[in-house]
Amino acid sequence: MAEDGKEDSLATDDDSEQTAADDSLNTTMVEDGSTLLCRMEICVAEAEKRSGKNAMGMQETFSVYLVETRLTDSGPDGRNPAPDCLWRRYSEFELLRSYLMVTYPFVVAPPLPEKRAEFVWHKLSADNMDPDFVERRRVGLENFLLRVASHPVLSNNKILYHFLTEEHGWREAVYDTGFQAKADSRIRALSATFRVRNPDKGFVEMKHYSDELQSHTSQLLRARARVADRLYGVYKVHGNYGRVFSEWSAIEKEMGDGLQSAGHHMDAYAASIDDILEEEEHYADQIKEYLSYAEALRTVCRKHELTQFELEVASQDLISKKQQREELATGIVRTFSLKGMTNKLFGQEAPVQREARLKVLEELITEGEDTVKEKTAECEEHVEGAWLEMQRFKEQKDKDLREALINYALMQISMCKKGIQVWSNAKECFLKM
């Protein structure tokens with residue numbers, strides 16, 4: 001557990017001390033160039049159901065998750081340090097991810113497990129407090145932390161470190177960063193998508209790919225849910241064999257033992273489907289992760305569109321200001337404007353007025369040039385970081401999905417072999433009659 005002294009440091013009013021502590025932490029975390037996961041063991045050990053009052057004062061039931069961490073480096077005495085433990089709600093994981101997405105807009109942020117079950121076959125509970133669902137979410141939250149802690153950029157963020165080690169004061173530390181003010185409005189992002197004049201071809205293709213990835217993964221999950229429904233029914237129907245063979249054995253003397261044994265094999269086969277489909281959910285969750293990754297990809301693309309749109313607006317505004325300066329300096333209006341009509345009707349401005357306006361325009365042009373430089377640098381930085389991130393994501397995706405699909409196929413093969421074994425055992429029972 002984090003010491004009380006650390007909690008006090010988060011709440012202190014001494015900004016310089018806090019800044020120095022943060023800089024020291026960042027230096028410690030980044031200096032060796034390794035990720036946090038190289039220096040710290042992280043797991044979400046268990047989940048617990050709790051009750052309490054929400055922000056509206058209403059009673060609610062919710063789940064909390066025990067996050068355990070331990071530094072892998074030995075202490076001065078050569079012993080491994082004791083693990084730190086703290087409880088986190090799902091909403092706190094959401095806050096952490098939101099902060100990371102705003103702080104690192106070029107990163108394809110690892111997704112959280114689903115808040116409510118989707119693509120479920122009809123016998124599976126969709127209740128978000130169902131123990132099996134909570135357990136799968138626990139596994140997903142641990143996977144999220146491991147992905148973040150192994151990321152070359154995200155893992156060295158001090159807020160992530162606070163999330164893992166400081167039970168109290170963490171939310172305040174996040175909000176003190178002011179990340180919410182930097183968050184892009186969805187309406188602005190959507191507007192930029194349709195108004196940007198020169199979209200980057202690579203980002204357009206990546207956005208199209210993310211749409212296709214989401215479409216294919218969602219279709220795969222729907223197909224899997226339909227197959228699970230049918231498979232459940234097929235397995236459970238085998239229970240009828242077990243019942244019939246058991247009842248039949250009661251009236252047979254020579255065949256009785258063989259029929260009863262075959263009935264037991266069929267009952268066991270029918271009951272095994274529950275564990276099989278529970279294991280299948282693990283592979284479905286891996287596919288769902290990349291369904292969510294598709295949205296993370298689109299978020300990176302939308303951020304680029306917004307940045308590009310802001311650059312285009314700033315560039316166009318600068319061109320307009322320079323044109324106004326030229327017209328004011330020469331007295332020649334090249335385009336139709338209300339100002340040009342006014343000059344024709346009432347005459348030119350006095351020299352003093354023109355000089356004052358020229359001075360204001362010069363200042364605005366200087367500001368505009370600075371804005372264009374800033375937006376250009378921001379756009380170039382985003383492009384550079386995003387393409388490195390896209391390459392990293394592609395390698396990770398190919399590896400993860402290949403492994404998940406192979407393991408899913410192996411599970412199906414194993415399931416079919418068990419079915420063959422059950423009927424082989426039944427055949428042996430019949431041969432002994």
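Visitor: Which residues form one aromatic cluster here?
Guide: Phe-93, Phe-144, Phe-163 and Trp-170 form it, in a predicted model where local features need pLDDT of at least 70, side-chain atom pairs count only at pLDDT 80 or more, and totals for chains, interfaces and linings use all residues. Residues are numbered from 1 along each chain as its sequence is written, and side-chain values use heavy atoms, with hydrogens and water left out.

Visitor: How many aromatic pairs does a search of the whole structure find?
Guide: The search finds 14.

Visitor: What makes Tyr-241 and Trp-423 an aromatic pair, and of which kind?
Guide: Their centres are 5.5 Å apart with 85° between the planes, and because rings of Phe, Tyr and Trp (its six-membered ring) pair with centres within 6.5 Å, and count as stacked under 30 degrees, edge-to-face over 60 and tilted otherwise, this pair is edge-to-face. Tyr-241 lies in helix α9 and Trp-423 in helix α13 (residues 351-431), 182 residues apart, helices being DSSP runs of H or I with at least four residues, numbered from the N terminus.

Visitor: Why is the pair of Tyr-290 and Phe-393 called tilted?
Guide: The planes stand at 40°, with 6.0 Å centre to centre, so the angle falls in neither the stacked nor the edge-to-face class. The pair joins helix α11 (residues 273-330), which holds Tyr-290, to Phe-393 in helix α13, 103 residues away.

Visitor: Is Tyr-290 buried or exposed?
Guide: Tyr-290 has a relative accessible area of 1%, and therefore counts as buried (under 20%; exposed is over 50%, partly exposed in between, with a 1.4 Å probe and protein chains only). Phe-393, at 4%, is likewise buried.

Note on methods. Helix = DSSP H or I, 4+ residues; strand = E, 2+ residues; numbered from the N terminus.
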